Every structure is written in C-alpha cells, then in structure tokens.
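Me: I would like to learn how to read a structure model feature by feature, with the general idea given before the particular case. Could we go through one together?

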Amino acid sequence: MSVLFETSVGDLVIDLEVDSCPKTCENFLKLCKVYYYNLNAFFNVSKDFLAQAGDPSASGAGGESIWSYIASQTSAKDPVPRYFTPEILPKLKHTNKGTVSMAVAPSLPGQEKGGCGSQFFITLADNIEYLDGKHAAFGHVVEGLDTLDKLNDVFTDDKDRPLKDVRIRHVVILDDPFPDPPGLMQPPSSPKRPPDNSTRIAEDEDPLFQLPEEEEERIRREKAAAASALTLEMVGDLPFANVRPPENVLFVCKLNAVTRDEDLELIFSRFGVIMSCQVIRDKKTGDSLQYAFIEFDKREDAEQAYFKMQNVLVDDRRIWVDFSQSVAKSNNMSKGGSGYGGRDDLVQTSRYRNSREDRDGGYGMVFDVPGSDSRRRKRSRSRERHRSRSPRRDRDRDRERRRRDY
C-alpha cells in the first residue's frame, strides 16, 4: 500500500506495512485522505538523522490521531484520546535510509504512557539504532531517495528548523485497504493556505533571485517618476499625481522666428481637424520662442502628423515634432468648469475650511459669522479710545476749563 508525497524539494513514494502495523497505517492513510498533511512543513530536519513533519502548527507539540480529529469535527459526546497506542515491533528497525516512523509523544497528564498522533519522520541515513524501540516504524521510501538528499542538505537554524520552508504540497493515496471510520468526512478541496503562520522564506520564493539590470532600471525610473509626480501634486503644479498628458497634442520646436500660428495651422491641417495651434511667444516682447503646441481633434490625426512631419523643412528650418508632455491645460481646466483636472469624472477634494476671498482679512475660523469682523473692529477701536485716556490728562482739562470760565 503506497502513498505519494509531493514536496517542495521533490516527490516521495512511501510503502506501508499494513499487515504488521494496521492501526498505524490506517491512521496515516485516513489523515492523508482528509488533507491533514497538505501544506504541512518539515519543522525538524537534522542532517544525517531525520526529517520530521505532521504537525499543523509546526511547533512539535501539535497533531492528533484520525479518531481524535473526527471527534473534534463532529463534536462527539464521548471523549476520544488524542493519541493511540504505538505499534512498536522488534522486526521493524531503522536500518535503512528512508524509514518512515510515527513519532511517539510523551505521556500527557492523566495517561500512563504516550502514544502516536499525526507526527511522523523519515530517516536520512542508514543504521540509526538510537530510534529502535522508541518510535513506531511503519513504512519506507521506495522512490525519491534523491529528494531525501535534497532535504538533508537544506540550511537550518540552531533549532533544526529549515530557514526556507520545505512543505508537503499534496498527498495522493495510491492504495487504501481500510474502510473509512464512522464520521469521517473528506473535505471538498485541499487547503489553500499553510496551517502555520510561518515568517520564514516561503517554499516557492527564491531569496537570491535578481531581476535583469534593464528591468531593475525600469522599475527604479517608474518609482522616481511617481515620487516626482506626487511632489508636483503637493506643490500644486499638477492637478493629481497620476495625470497623463493628452494624446492628441503635438509639440513642435526648432521653428523659425518668423513662423506664425496661421502658417503652422495651414501646414498641419492636411492631417485632420485642428482645434488649436499656438506659437509660444515672450510675454513682454512678443517675440517667438520658436516652439508651438498643435491640438488635433483626433488622436489618429496627431499620430499621422507625428510620423509625416518629423524633420520637415518649414521656413528654412527643419522642425522637430513630438507628442506633448505638458499638462498645463489640464491644470488650468481644473480651476473652472465642471470636473477636475480636465476630466468630468473627477471632483476636487473638499475640506472643512475652504479658502474664501470675502473674509475681509479675518482668520477664517469655523465659527466665524459673516459681518462679525466689522463689529469686532469697532469694539476694539472704542476700547483703545477708553484706554488712551489717563486721570492726569482729565485733571488738566478740568483746570483749563475753570480758567476760561473765570
């Protein structure tokens, strides 16, 4: 009777001694049937000694027999022991590499001796006599000895836990001669997540993997561009960080200083309808800065003009045509009209205190009442008048009035 283990380092085919250890083999096969071992980790790998698994918590203190598992799933009234009595036979020894044994747990409170649950181990060397008579051997690996060599060479920490997880990805029962125990319910599918919360290197992760230099440079540039866009959004130069330049606007440079808007519009109008054509000029002198923006009605027209007008001679100058990267028009559209940033489906973020031009120099507090600033000023002026009067000055005024009366 055989079982196929698909692990992250290779496959293992295990033959079971069903005639010599029927109870142990039945427990092992039924745990495999309910996907109990799926995604379990080999939590103890001692070089040239053994590799231990079968504990869903990967702590070495978990696991239970199939009968205890069924009782916990069905809420049985009668208590079922967590472990069962191990079947330790003198003729089944750990003499060959790949021997599969059930780990015998120590006795629990209230029990005279320990027993077997779900934890098992596979020997990684020959003639390990230390394990004879202490743990219940019930099978051996018939295919996949090279997988055991890979498992023996994994790097571990000071507690013999692999630094990179080695997991049982799937279990396939090739032959099962035992009937199902009462109450056994096979799950509809294998678990998708490991039962333990491991923070180690995942079994499908390569810690030494590096992207090609070109790919790393592309990712670095994308991150730098995203950070720059976010900075421009914070200072107000962009309406939002992920704004994109229009695809129907061309940037034309290296123009002759005498080239006018009408000239460019006439030349580029053969490719399609032009919405706007503007040669950028100096604000003070009005002289041409020798570059312009041309907006087409359709993106396809702009693409055609881009390919056909590159390096064309205009007014004795060979012009350079490219797609515009400016978002100034979108930024200006965000200040008025519907939508935000030139898009109707966006709305500017509202705050609890909006900037108002009619505050008349007030502090803009939330509880300010319109017109309260003028009353506040009047009161402050009247207080200043009262404060400016002193008793000595009042006495001098009284004396002056008396002199005039006499």
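Me: In which strand is Ser 118 found?

Reply: Bear in mind throughout that this is a predicted model. Ser 118 is found in strand S6, which covers residues 116-123.

Me: Is Ser 118 buried or exposed?

Reply: The general idea is a cut-off, since a residue under 20% relative accessible area is called buried. Ser 118 has a relative accessibility of 1%, and therefore counts as buried.

Me: What does the side chain of Ser 118 reach, and which residues does Ser 118 touch?

Reply: The side chain of Ser 118 reaches the backbone nitrogen of Glu 64 at 3.3 Å. Leaving aside residues up to four places away in sequence, Ser 118 touches several others, among them Leu 31, Tyr 36, Tyr 37 and Met 102, and Glu 64 is also one of the residues touched.

Me: What is the strand order of the open sheet of eight strands?

Reply: The order is S3-S4-S6-S5-S7-S2-S1-S8, with antiparallel pairing. Strand S3 (44-46) and strand S8 (168-173) are the edge strands, each pairing on one side only, and neighbouring strands of this sheet are turned by 25° against each other on average, direction ignored.

Me: Which strands does helix H1 lie across?

Reply: Helix H1 (residues 22-33) lies across S1, S2, S5, S6, S7 and S8, and runs at about 45° to S1. Helix H3 (residues 145-152) lies across S1, S2, S3, S4, S6 and S7, running at about 115° to S2.

Me: What is the strand order of the open sheet of four strands?

Reply: That order is S10-S11-S9-S14, again with antiparallel pairing, and its edge strands are S10 (274-281) and S14 (320-323). Six bridges join S10 to S11 (residues 288-296), where Ser 276 stands opposite Glu 295 of S11. Helix H5 (residues 261-268) packs on this sheet, touching S9, S10, S11 and S14, and its direction makes about 140° with that of S10.

Note on methods. Residues are numbered from 1 along each chain as its sequence is written. This is a predicted model: local features need pLDDT of at least 70, side-chain atom pairs count only at pLDDT 80 or more; totals for chains, interfaces and linings use all residues. Side-chain values use heavy atoms; hydrogens and water are left out. Helices (H or I, at least four residues) and strands (E, at least two) are DSSP runs, numbered from the N terminus. Buried means under 20% relative accessible area, exposed over 50%, partly exposed in between (1.4 Å probe, protein chains only). A polar contact is a pair of N or O atoms within 3.5 Å; within protein, one must be able to donate a hydrogen and the other to accept it, and residues adjacent in sequence count only if both atoms are side-chain atoms. Contact means heavy atoms within 4.5 Å. Two strands pair if DSSP finds at least two bridges between them. Axes are lines fitted to C-alpha atoms, for helices over the stretch in contact, and angles run from 0 to 180 degrees between N-to-C directions.
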